[in-house]
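Hello,

I'm passing on the structure we talked about, and my notes on it follow below. Please have a look at it first and then read on.

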Amino acid sequence: MTTSDHTFLRALLKQPVEYTPIWMMRQAGRYLPEYNKTRARAGDFLSLCKTPALATEVTLQPLDRFPLDAAILFSDILTIPDAMGLGLYFAQGEGPMFERPLRDETSIRTLRVPDPGKDLQYVMDAVSEIRKALNDRVPLIGFSGSPFTLACYMVEGRGGTDFREIKTMLYNRPELLHQILEKNAQAVTAYLNAQIDSGAQAVMIFDTWGGALTPVAYREFSLEYMRQIVANLIRERNGARIPSVVFTKGGGLWLKTIADIGCDAIGLDWTIDIGEARRQVGGQVALQGNLDPSVLFSSPQVIAKEVEKILTSFGNGSGHVFNLGHGISQFTPPEHAAALVEAVHSLSRRFHNAL
């Protein structure tokens with residue numbers, strides 16, 4: 001199979017497809033028993049991310065279970081601030097934390113943009129190894145956190161906060177936050193381009209916390225930096241287009257402005273109707289989404305009904321990659337994930353003209 005024949009890539013580029021492709025955010029994760037065994041063998045989460053052979057192993061695990069249409073690099077969005085020297089660690093039951101959060105001008109001014117070929121070589125090795133192991137059975141997605149989302153962790157020092165530290169900086173010392181965001185944008189651009197050079201066939205920017213901002217602040221502190229990244233991404237490699245996806249969780253109110261930054265597709269959470277999203281952005285971009293992950297706690301029959309609602313809302317034609325509105329829960333029964341993939345593949349064919 002040549003790259004241009006992959007259903008996932010064709011859908012992102014709004015080219016004709018026979019069915020709607022699907023992958024799931026966090027598809028390699030704790031809901032899979034085999035993932036938990038590999039993670040136990042690694043010792044801890046960071047070791048799993050930083051060992052290319054193990055990252056390759058877990059990336060491929062969901063593909064061996066389900067006929068998914070894309071693989072996504074197994075890594076973490078916090079690899080960049082870790083490489084910047086902020087001291088990333090994962091506390092038991094606490095999630096990611098940083099030993100040295102950015103709270104003063106000196107630490108912000110001296111923040112160093114990492115070299116992906118040196119500081120993040122383990123990620124590039126994983127991309128190369130995964131691409132080789134896939135042997136072109138499905139495309140490989142590379143990814144990064146957005147500059148603002150990374151800054152949230154870097155300033156707060158941890159996840160799961162009320163954004164008090166970063167929003168205080170945003171309103172009191174916006175120039176300091178802009179310094180962080182400028183360096184993050186440089187870092188993300190270099191990081192994603194290095195992933196593309198290593199074999200990633202599409203890239204996604206996860207703007208997990210952009211939806212926590214006001215509309216004006218979103219445009220200034222999140223969207224503008226993603227625009228800069230998209231403008232400087234490698235768009236073609238070895239004759240193949242490299243599509244880009246931008247996903248702002250909670251960004252359903254700003255779809256037109258997101259589409260205008262030049263990305264190929266917008267990721268949607270479950271809070272907006274995908275048909276309405278399609279009406280707003282027209283043929284400008286493809287859409288990715290947007291099943292509520294909690295649907296997977298129901299029965300296969302209910303899953304199929306909810307899939308049909310989304311497919312019907314989007315309507316006929318290409319430009320839709322089916323996905324969850326956020327990452328799959330660790331409590332999801334694997335057989336329900338299988339039911340989702342089967343439902344999308346079987347129910348979507350009537351929305352596409354036969355090639």
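Let me start with helix H8 (residues 147–156): ten of its ten residues are buried, so this helix is largely enclosed by the rest of the structure. Here, buried means under 20% relative accessible area, exposed means over 50%, and partly exposed is in between (1.4 Å probe, protein chains only). Helices (H or I, at least four residues) and strands (E, at least two) are DSSP runs, numbered from the N terminus.

Before going further, please note that this is a predicted model, in which local features need pLDDT of at least 70 and side-chain atom pairs count only at pLDDT 80 or more, while totals for chains, interfaces and linings use all residues. Residues are numbered from 1 along each chain as its sequence is written, and side-chain values use heavy atoms, with hydrogens and water left out.

Back to H8. Among its buried residues are Pro147, Phe148, Leu150, Tyr153 and Met154. Gly157, which follows H8, has a positive phi, near 90°. H8 packs with helix H9 (residues 164–172) at an angle of about 110°, their axes being 8 Å apart. That makes H8 roughly perpendicular to H9. Axes are lines fitted to C-alpha atoms, for helices over the stretch in contact, and angles run from 0 to 180 degrees between N-to-C directions. Angles under 35 degrees count as roughly parallel, over 145 as roughly antiparallel, 65 to 115 as roughly perpendicular and the rest as oblique.

Which residues of H8 and H9 make the contact? From H8 they are Phe148, Ala151, Cys152, Val155 and Glu156, and from H9 they are Arg164, Glu165, Ile166 and Met169 (contact means heavy atoms within 4.5 Å). By class, the contact of H8 with H9 has six nonpolar, no polar and three charged residues. Ala, Val, Leu, Ile, Met, Phe, Trp, Tyr, Cys and Pro count as nonpolar, Asp, Glu, Lys and Arg as charged, and the others, Gly among them, as polar.

The search of the whole structure finds three cavities of 30 Å³ or more, and the largest cavity holds about 40 Å³ of space. Its lining includes Cys152, Tyr153, Glu156 and Trp209. The largest pocket has a volume of about 1400 Å³. Of the 40 residues that line this pocket, Arg26, Arg30, Phe45, Asp76 and Phe90 are the closest to its centre. By class, the pocket lining has 20 nonpolar, 14 polar and six charged residues.

On a 1 Å grid over the protein atoms alone, a cavity is a set of points where a 1.4 Å probe fits but cannot get out, and a pocket is an open set with protein on both sides within 12 Å along at least five of seven lines; lining residues have an atom within 4 Å of a point. Grid points are joined across faces, edges and corners, and a volume is the space filled by probe spheres set on the points.

Lastly, Ala277 is found in helix H13 (residues 274–281) and is buried, at 0% relative accessibility. Glu105, in helix H6 (residues 105–109), is partly exposed, with a relative accessible area of 39%.

Best wishes
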